[in-house]
Every structure is written in C-alpha cells, then in structure tokens.
Amino acid sequence: MELTLEITDTGELTAAALDRIDADEFMPDDERTHARAAVREDEAEALAYLVEPADLLGDLPGTDLVQASWTSEQVEYDPEAGEWDLDDDNDDDEYESADEEERV
C-alpha cells in the first residue's frame, strides 16, 4: 500500500500529535519529552504518532494482519510527473514477471 498525503495545516497536525503524546498514560516522561521535540521539528514524526496501520485496515473480511510497519518522508509532489502515475502498467508487468519466474 502506498499513500500520498498532503499536509494542509502543519499546526493542526502538530497539535493533534502533541495531544496524542500527552494523552498516552504509558509513555515514560523522558520518552514523552523526546517525542514532543521530534513532533515539533518534523511533520513525518507527527504522522508517526497519529497513524496506526492496523486502524487503517479495520476488520477486513478474510484477512489477518500479521505485521505492520510504515515510514514517512517529505517529497515534492507533482501529479503530472510520470513517477506519480498510480495507473502505470509497469508495476503490473513487474508482478507478472515475478509470477512467471516462480512457475519456471
């Protein structure tokens, strides 16, 4: 899964992450101090405190979440650039090639 997210208000994002950190009753104080500083410096860190991969999936029928992890990075988004074309057939070709290799 790949998501492209546009942050429209860094202040709101940061405030929400700080609220989540402050509400975490199990977070040790030294970790809380570090988390608050990281969230203030980097929107990707703020997202890390707000996005739970398991919550994104919910209870999908016929699935069992075995492992979840994610990373976040800032990028310059240009919807006209070919690299952002989500309907690009090259990805399908890559999977078809892998399937063919497995059959050999």
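Reader: How many helices and how many strands are there in the chain?

Author: This is a predicted model, and in it the chain has five helices and zero strands. Followed along the sequence, the pattern reads α-α-α-α-α.

Reader: And what share of the 104 residues is buried?

Author: Buried residues account for 13% of the 104 residues in the chain.

Reader: Let's go to H1. What span should its 14 residues have, and how far apart are its end C-alpha atoms?

Author: Helix H1 covers residues 10-23, and at 1.5 Å a residue it should span 20 Å; the C-alpha atoms at its ends are 20 Å apart, which agrees with that expectation.

Reader: Which residues of H1 are buried?

Author: They are Leu13, Thr14, Ala17, Leu18 and Ile21. Seen down the axis of H1, these buried residues fall within an arc of 130°, so they line one face of the helix.

Reader: What do they pack against, and which exposed residues sit on the face turned away?

Author: The buried residues of H1 pack against helix H2, residues 29-41, and helix H3, residues 43-50, while the face turned away from the buried side carries the exposed residues Glu12, Asp19 and Ala23.

Reader: What does the side chain of aspartate 9 reach at the start of H1?

Author: A side-chain oxygen of aspartate 9 comes to within 3.0 Å of the backbone nitrogen of glycine 11, at the start of H1.

Reader: Switching to the pairing of H1 with H2: at what angle do the axes cross?

Author: The two axes cross at roughly 175° and come within 10 Å. That angle makes H1 roughly antiparallel to H2. On the H1 side the contact is made by Thr14, Ala17, Leu18, Ile21 and Asp22, and on the H2 side by Arg32, Ala35, Arg36, Val39 and Arg40.

Reader: Which residues are buried in H2 itself?

Author: In H2 the buried residues are Arg32, Ala35, Ala38 and Val39. Viewed down the axis of H2, they fall within an arc of 130°, so they line one face of that helix. These buried residues pack against H1 and H3, whereas the face of H2 turned away from them carries the exposed residues Asp29, Asp30, Thr33, His34, Arg40 and Glu41.

Reader: What about the span of H2's 13 residues?

Author: At 1.5 Å a residue, the 13 residues of H2 should span 18 Å, and the end C-alpha atoms are 19 Å apart, which agrees.

Reader: How far is its C-alpha atom from that of glutamate 31?

Author: The C-alpha atoms of isoleucine 21 and glutamate 31 are separated by 9.6 Å, and the two residues are 10 residues apart along the chain.

Conventions. Residues are numbered from 1 along each chain as its sequence is written. This is a predicted model: local features need pLDDT of at least 70, side-chain atom pairs count only at pLDDT 80 or more; totals for chains, interfaces and linings use all residues. Side-chain values use heavy atoms; hydrogens and water are left out. Helices (H or I, at least four residues) and strands (E, at least two) are DSSP runs, numbered from the N terminus. The expected span of a helix is 1.5 Å times one less than its number of residues. Buried means under 20% relative accessible area, exposed over 50%, partly exposed in between (1.4 Å probe, protein chains only). The arc is that of the directions from the helix axis to the C-beta atoms. Contact means heavy atoms within 4.5 Å. A polar contact is a pair of N or O atoms within 3.5 Å; within protein, one must be able to donate a hydrogen and the other to accept it, and residues adjacent in sequence count only if both atoms are side-chain atoms. Axes are lines fitted to C-alpha atoms, for helices over the stretch in contact, and angles run from 0 to 180 degrees between N-to-C directions. Angles under 35 degrees count as roughly parallel, over 145 as roughly antiparallel, 65 to 115 as roughly perpendicular and the rest as oblique.
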